[in-house]
Amino acid sequence: MFIFRLLLKNAFRHRLRTALTMVGLVVAIGAFGLLRTIVDAWYAGVDASSSARLVTRSSISLTFPLPLNYADRIKAVDGVKGVSWANWFGGVYIAERNFFPQFAVDPPTYLALYPEFVLSEDDRQAFFRDRQGCIVGRKLARKYGWKLGDTIALRGTIYPGNWRFTIRGIYDGIDATTDENQMLFHWKRLAESIRARAGRNADFVGVYIVGLSEADQAPVVAQNIDALFKNSLAETLSETEKAFQLSFVSMSEAILVAVQAVSFIIIVIIMAVMANTMTMTARERLAEYATLKALGFTPGFISKLLLGESLLIALIGGGIGMALTFPLAKAFGGAVGSFFPVFHVSGTTIVLQLLSCGVVGGVAAAWPAWKMSHIDIVQGLNHVA
């Protein structure tokens, strides 16, 4: 306790300098945490992916649809437990800035493959019965103030026209990694509308979602599915849900690398600032450390004084920065809306912030501590006024 009080008193001996250093630490550690959270949010879809699901799409591009009759053939493949399908809708709610994912799905088969979407049985059945109905995630409903029975009006982009849907259910995620910013509605309604408007066959889907009996069968099942449609007019590419999500993340790989680089550069900068603070502190106390050595204190004790003071400053400033990360992340997540469906500070980010505080405090004081522990007593005492 005596040593702690001594360190605390030494740390705030020059209050303005210590305060400014701590402000820098708060900003740096808070910014580091926010940038790491952004990177985690970018990978949220990948992390939430199930190893027991495959996504089958056109081997050419996602923009090329697949025939609906592929479903029965895929379901007959060994190792396949269930099959569903989905189409990206891309409608606009009031204005373009109100972006959120909308999918036309086959409700019974789709929800069976996504147990992480928690929906009451009454809401589930109401959705199944109402062709005009839809379900939305809890975060999406909270954002726009929607409730059961409300009508959502969307302006079609890929599928022109004005579309109206009645909210029949609001689903919750099974955990914090589940996307609660989606809207799901009946694929049959979309197909009927295309058929009525364009007078053409609408039995096409964007992607198939394939449920597996065993997750470790994914490579074999994917290969067997693609072999079924080899040399056909619509060849397929089947991959794990995680690989499918990663294909989107890889498009922004350069941005992610830049964000991660910036997060570590911030730590290096604050480390340099902290090192300057501790060097100035050690220089001002040269005579004091020489006196301690003259009184018989070991070089190790002097090193511990400087290292302890540096770590104390780093942990106090960094701790405040860590605490501020949570409201910063909440405000940022609210500002970006549905662009990052899952945006929360992870335990890994907190651990990295804490480690950064320790590294900054330790490295910043390493050279001054070594220097002061090796000072010449006579030379140091000459600085006594």
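Trainee: Which residues form a nonpolar patch on the surface?

Mentor: Before that, some ground rules: this is a predicted model, where local features need pLDDT of at least 70, side-chain atom pairs count only at pLDDT 80 or more, and totals for chains, interfaces and linings use all residues. Residues are numbered from 1 along each chain as its sequence is written, and side-chain values use heavy atoms, with hydrogens and water left out. Patches take residues with over 30% relative accessible area and no salt bridge, joining like charges within 9 Å and nonpolar side chains (Val, Leu, Ile, Met, Phe, Trp, Tyr) within 5 Å; a salt bridge is a side-chain nitrogen of Lys or Arg within 4 Å of a carboxyl oxygen of Asp or Glu. Here the patch is Phe4, Leu8 and Phe12, with about 240 Å² of accessible area together (Shrake-Rupley, 1.4 Å probe, only the protein chains shown count as cover).

Trainee: Where does leucine 8 sit?

Mentor: In helix H1, residues 2-11; helices (H or I, at least four residues) and strands (E, at least two) are DSSP runs, numbered from the N terminus. Leucine 8 has a relative accessible area of 32%, so it's partly exposed: buried is under 20%, exposed over 50%, partly exposed in between (1.4 Å probe, protein chains only).

Trainee: And is arginine 17 buried or exposed?

Mentor: Buried, at 12% relative accessibility. Arginine 17 is in helix H2 (residues 15-42) and touches Thr277, Met280, Thr281 and Glu284, leaving aside residues up to four places away in sequence. Contact means heavy atoms within 4.5 Å. Arginine 17 and methionine 280 are 263 residues apart in sequence, yet 9.9 Å apart in space, C-alpha to C-alpha.

Trainee: How do I read the two sides of a helix?

Mentor: An α-helix has 3.6 residues a turn, so residues three or four places apart point the same way. In helix H6 (residues 121-129), the buried residues are Asp123, Arg124, Ala126 and Phe127. They cover an arc of only 165° around the axis, so they're on the same side of H6; the arc uses the directions from the helix axis to the C-beta atoms. Asp122 and Arg129 are exposed on the other side.

Trainee: What do the buried residues of H6 pack against?

Mentor: Helix H5 (107-113), plus strands S5 (117-118), S6 (133-137), S8 (161-173) and S9 (183-186).

Trainee: Finally, what does leucine 306 touch?

Mentor: Beyond residues up to four places away in sequence, leucine 306 touches Met278, Ala282, Tyr289, Ala365, Pro368, Ala369 and Met372.
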